Amino acid sequence: SFLFSDQDKSKTGTGVSQQPGANFSQNKILSNFPENSDDESVHSTLRKSLFKMPGYVYKNTEFKDSSMDVKEIDTYLNTSENMEEVRKEGLRRNNHHVPINKDSNFTLCRVNDGDIASKNGIKMTSFSNASEILDMTGTTGRKLEMLRAVTEIPTQFRSIFKEFPYFNYAQSKALDDLLYTDRNFVICAPTGSGKTVMFELAITRLLMEAPLPWLNIKVVYMAPIKALCSQRFDDWKEKFGPIGLSCKELTGDTVMDDLFEIHHAHIIITTPEKWDSMTRRWRDNSIVQLVRLFLIDEVHVVKDESRGATLEVVVSRMKTVQASLGHLENHDTVPPLRFVAVSATIPNAEDIAEWLSDSKMPAVCLKIDEDQRPVKLRKIVLGFPCSDNQTEFKFDLTLNYKIASIIQTYSEQKPALVFCATRKGVQQAASVLAKDAKFLLSTEQKQRLQRSANSLKDSKLRDLLMYGVAYHHAGMEISDRKIIEGTFTVGDLPVLFTTSTLAMGVNLPAHLVVIKSTMHYVGGMFQEYSETDILQMIGRAGRPQFDTTATAVIMTRWSTREKYIQMLNGADIIESSLHRHLVEHLNAEIVLHTVTDVTVALEWIRSTFLYIRALKNPTHYGFSSGLDKIGIEAKLQELCLKNLNDLSSFDLIRMDKDNNFKPTETGRLMAWYYIAFDTVKQFFTIKGTETLNELITMISNCTEFLDVKLRTNEKKILNTLNKDKDKITIRFPMEGKIKTREMKINCLIQAQLGCIPIQDFTLTQDTGRIFRNGLRVT
């Protein structure tokens, strides 16, 4: 609403909080005033800051079309609950001397040609009636006596936990089971409650028990997202390297080199897909038999339609391998395999524990409440009206103009992270905010931002950074991404806009997280984020070293608001999705000889999460509700037989005279190279007389390339490659304009084979991905 000059700012101090309520915490305000100023000026400034808050003055407000209305600032303060909340906040800040990064405070002012706010009376947007505030702070009885000290850890492993003297509440509660027993363990805890440390405790337990030298120990850490794996790899290389453990990341699509290196690694960090393709050859691969500890991060991903099935079969396979080794050798010589799994807040964590239990001992299931999160998280769902004729793109654009107000209301001048659906959307939203609002930054911050900006290659980003705004997505130069991550992490950058995919794995904690629109663009169409995506994004709220509270705001359509409120309450039950992808996984087990006949097929099904859930909720899997256990098992057997017949009809498996399954050469290739059943069916139509053009078209249609997207801004380059009388074009141009994912893939394959250079970083990335997967397919 008004702009300060640098001179005025030094008088008023940068830390004056604009969050109603935060100004009651006087120590927060005073902590940022110049020390040499006389008492009187400090007091008068403090009085001013308490009664005149820089807020928004809306004359021509853009909220007219929305469900929000502009109210006096008192609307927030006057309700008794809010007064109570404000009082508690002040007390809590006084009691917990939280190290607040002085430099990461910035004030947001609205760029507005209206009069100075003090003349007009301060107005501020009240979000209270537009949102459902899910206040999950709760009351915690955290006392230091309950927390366990790091000194409990044997001296030689203490360096792993050197960053803190005490374990937090959740870690302390899990410590006895993790460190002093070998039981399988499931922890259900809100994102941000220190789950990594729980994995580290389990590794420490293994090292305490295993005799030196640790030649034959393998620990597998499995996470659903490559970026999470990279983060864990960097972190653990530093922590475990000094005590003699080597880490290896196994997420790429390379095959042979990795196998060699993995023989020497103690900790293998991988994704379900990669571990699946590795273990499909486990009989001639002794590594799998050496795994003593299997760590599963984000185990709730088992419900994900596209990727959950892989996670499920991998875990079931590890159980089967362990059991079969027990049968083969003397039972006592096979060291047990321990599972430790971590999940977000879900209602049926016990089902996961039941699935991970072994025959001797049920798994421990520990549930940590939301109120034990080290940083209290306030979750807010805002619904915005969206007319029927408004496209998803249009709706997404209108939300750009609401961001400034949300940051004003909820950021408390601390770093904010805004998730957008597309790469282009990230850049648009960042430009709108830079035009719309101005951040007051300290001189040092400005200097540091200037230094960072000078090293950036992207000129658009360079300009934005000076406004205190930046964007971050996977299509950027890696060096630019690293610079932006650096400025955000140290607290110099007030707002960062990023895509959901990239931020999943890059550790960028923020005080405020905003999810701008709950739809994202996948495979040429808009769809809602999965629950895992939402939880991952929300999990970025709260910087444990600086914050005691954090806020997550979801911006969605008015019609879907209720759904997200439900989701944030953690009310969705986790189901299996294996029944949708059974055919590929059954084939792989037959190739592995894990499944040799129909009876064993049912045994294998019994080891899956699908079995546990089908008994409890048969209707979800298409079985009738009145069935007893025998009836449900019969239905699962029927499902198995249907898939086995499908495999047999394409000659992927055969039956010998004793009704045992035998894989065919094609079946082996399908499992070995991780090929989808639909792709194999397509290859069965090949006659052998196809032209090169026809083969390229066929390969472009394979399921394996589903994750390659066609983006609007790429069409121009692709159309030029396809047909252009002035430039070199591909050998077999396609009819018309490039408008599908398949056409893009076809175009890139031909450009690469024809050695035509492509001057676009994202297209080069996509070409790499197509050729890595293409090698398997072809």
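## A buried aromatic pair

Both Y221 and W236 are buried (under 20% relative accessible area, 1.4 Å probe, protein chains only). The model is predicted, with local features requiring pLDDT of at least 70 and side-chain atom pairs pLDDT 80 or more, whereas totals for chains, interfaces and linings use all residues. Residues are numbered from 1 along each chain as its sequence is written, and side-chain values use heavy atoms, without hydrogens and water.

## Aromatic pairs and charges over rings

Across the whole structure, 11 aromatic pairs are found (ring centres of Phe, Tyr or Trp, the last by its six-membered ring, within 6.5 Å; planes under 30 degrees apart are stacked, over 60 edge-to-face, the rest tilted). The ring centres of Y221 and W236 are 5.3 Å apart with planes at 75 degrees, so this pair is edge-to-face. Y221 belongs to strand β6 (residues 218-222) and W236 to helix α9 (residues 226-240), 15 residues apart; helices (H or I, at least four residues) and strands (E, at least two) are DSSP runs numbered from the N terminus. Ring pairs join F199, Y221, W236 and F240 in a cluster.

The charged end of R232 sits over the W236 ring, 5.6 Å from its centre (CZ of Arg or NZ of Lys within 6 Å of the ring centre and within 35 degrees of the ring normal). R561 is placed likewise over the ring of W558, at 4.7 Å from its centre.

## Nonpolar cores

The largest nonpolar core contains 66 residues, and L433, F497, I515, I534 and V553 have the most contacts inside it. Such a core is a set of buried Ala, Val, Leu, Ile, Met, Phe, Trp, Tyr and Cys residues joined through side-chain atoms within 4.5 Å. A second, separate core of 51 residues includes V595, I653, I738 and M743.

Notes: Buried < 20%, exposed > 50% of the residue type's maximum accessible area, 1.4 Å probe, protein only.
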